[in-house]
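Please look through the structure below before reading my points.

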Amino acid sequence: MVEEMERRFVKFPQNTVLGMLHLPALPGSPGNTMTVDAIETFALRDAESLIDEGVNGLIVENFGDAPFYPASLPPITVACLSRLAFQVKQRYPTIPLGVNALRNDGRSALAVAAASGADFIRVNVLCGARLTDQGLIEGIAHDLMRDRHHFEAGAIQVWADVNVKHSAALADRPVEEQVADTIQRGLADAVIASGSATGQPTALGEVKRFRQAAGETPVFVGSGVCRDNVQQFLLHADGVIVGSAFKEGRSATEQVDRMAVRDFMQRVADAAK
């Protein structure tokens with residue numbers, strides 16, 4: 001059964017580039033000013049721009065919903081995420097799609113992925129604990145992986161941050177140990193290295209340490225990737241997750257800038273030569 005599930009995992013090419021679909025504030029959150037129809041139009045426009053310019057996959061995320069719940073999201077948010085992820089997947093069925101339910105509701109993200117046909121989820125704190133602006137967030141691997149098994153959602157990959165952005169460690173612990181635990185004890189299918197905040201550069205040295213500790217498990221860089229540093233990161237990581245660098249004015253809340261994506265993807269193509 002395990003081997004069968006693994007064969008069903010979506011396959012990513014070398015030098016994978018994933019584009020963020022940063023959703024505007026959803027209904028129920030303090031910043032909401034748009035209908036769900038308008039948010040859907042926004043998301044599908046960004047998806048079209050990213051895919052037309054050659055990105056390999058997408059991640060849909062309730063980025064506009066600050067302040068974020070530390071754990072369980074309200075039903076309206078889960079419902080909206082499910083609808084929007086489903087519409088993106090229906091429009092682009094062959095493009096890998098991920099779901100991130102901020103701040104750390106991986107269980108809802110898994111449900112959204114199962115309902116929408118998405119291929120993977122991102123979990124900010126799968127193992128351990130982090131001090132964040134939402135307070136103390138503790139790992140959810142014990143519940144999430146049982147959900148995945150119980151609901152026969154084993155083909156949905158779980159990608160986990162280690163030393164996630166917008167957070168601080170409670171104790172000093174080598175990143176190599178954290179990566180190993182996240183993979184071996186948390187059962188993550190991929191690990192993500194990031195900088196201190198959205199759009200902030202990830203330390204190249206940190207990525208190298210992830211690579212050494214992760215073995216055959218894929219490593220992705222999850223923040224601060226731009227046209228000027230992507231080639232360096234791809235020497236050590238399997239792929240990158242890009243948000244702000246693809247947006248108008250390099251602002252995560254704006255729409256995707258096609259020319260920025262085109263220029264970035266050319267740098268990725270050059271790195272493969």
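**Notes on the model**

1. Helix H2 (residues 36-52) has 17 residues, and from its first C-alpha to its last it reaches 24 Å, close to the 24 Å expected at 1.5 Å a residue. The expected span of a helix is 1.5 Å times one less than its number of residues. Helices (H or I, at least four residues) and strands (E, at least two) are DSSP runs, numbered from the N terminus.

2. A word on the basis of these notes. This is a predicted model, in which local features need pLDDT of at least 70, side-chain atom pairs count only at pLDDT 80 or more, and totals for chains, interfaces and linings use all residues. Residues are numbered from 1 along each chain as its sequence is written, and side-chain values use heavy atoms, with hydrogens and water left out.

3. Which residues of H2 are buried? They are Val36, Ile39, Glu40, Phe42, Ala43, Leu44, Asp46, Ala47, Ser49, Leu50 and Ile51. Buried means under 20% relative accessible area, exposed means over 50%, and partly exposed is in between (1.4 Å probe, protein chains only). The buried residues of H2 pack against strand E1 (16-22), strand E2 (57-61), H3 and helix H9 (258-271). Just after H2, Gly54 takes a positive phi of about 105°.

4. Helix H3 can be read in the same way. Its 17 residues should span 24 Å at 1.5 Å a residue, and this agrees with the 24 Å between its end C-alpha atoms. In H3, the buried residues are Thr77, Val78, Cys80, Leu81, Ser82, Leu84, Ala85, Val88 and Lys89. The buried residues of H3 pack against E1, H2, E2, strand E3 (97-100) and H4.

5. Lys89 lies in helix H3 (residues 75-91). Is Lys89 buried or exposed? Lys89 counts as buried because its relative accessibility is 10%, under the 20% limit. The side chain of Lys89 reaches the backbone oxygen of Pro93 at 3.3 Å. Leaving aside residues up to four places away in sequence, Lys89 touches Ile95, Pro96, Leu97, Ser116, Gly117 and Asp119. Contact here means heavy atoms within 4.5 Å.

6. Next, the charged pairs. Side chains of opposite charge can pair when their charged atoms come close. A salt bridge is a side-chain nitrogen of Lys or Arg within 4 Å of a carboxyl oxygen of Asp or Glu. How many salt bridges does a search of the whole structure find? The search finds 17.

7. One of the salt bridges joins Arg107 and Asp143, whose closest N and O atoms are 3.8 Å apart. This pair links distant parts of the chain, with Arg107 in helix H4 (residues 106-116) and Asp143 in helix H5 (residues 141-150), 36 residues apart. Arg107 is partly exposed, with a relative accessible area of 39%. Asp143 also counts as partly exposed, at 31% relative accessibility.

8. Arg122 and Asp161 meet through their side chains in a salt bridge of 2.8 Å, N to O. Arg122 lies in strand E4 (residues 120-123) and Asp161 in strand E7 (residues 157-161), so the pair ties together parts that are 39 residues apart in sequence. Arg122 is buried, with a relative accessible area of 3%, and Asp161 is buried, with 4%.

9. The side chains of Asp189 and Arg148 form a salt bridge (2.8 Å, N to O). Asp189 lies in the loop between helix H6 (175-184) and strand E9 (190-193), and Arg148 in helix H5, so the pair ties together parts that are 41 residues apart in sequence. Asp189 and Arg148 are buried. Elsewhere, salt bridges that share partners join Asp52, Glu53, Arg258 and Arg262 into one network.

10. Thr202 is placed in the loop between E9 and helix H7 (204-214). Thr202 is buried, with a relative accessible area of 5%. Beyond residues up to four places away in sequence, its contacts include Ala193, Gly195, Val221 and Phe233. A polar atom of the Thr202 side chain lies 3.2 Å from the backbone nitrogen of Gly195.

Definitions and conventions
A polar contact is a pair of N or O atoms within 3.5 Å; within protein, one must be able to donate a hydrogen and the other to accept it, and residues adjacent in sequence count only if both atoms are side-chain atoms.
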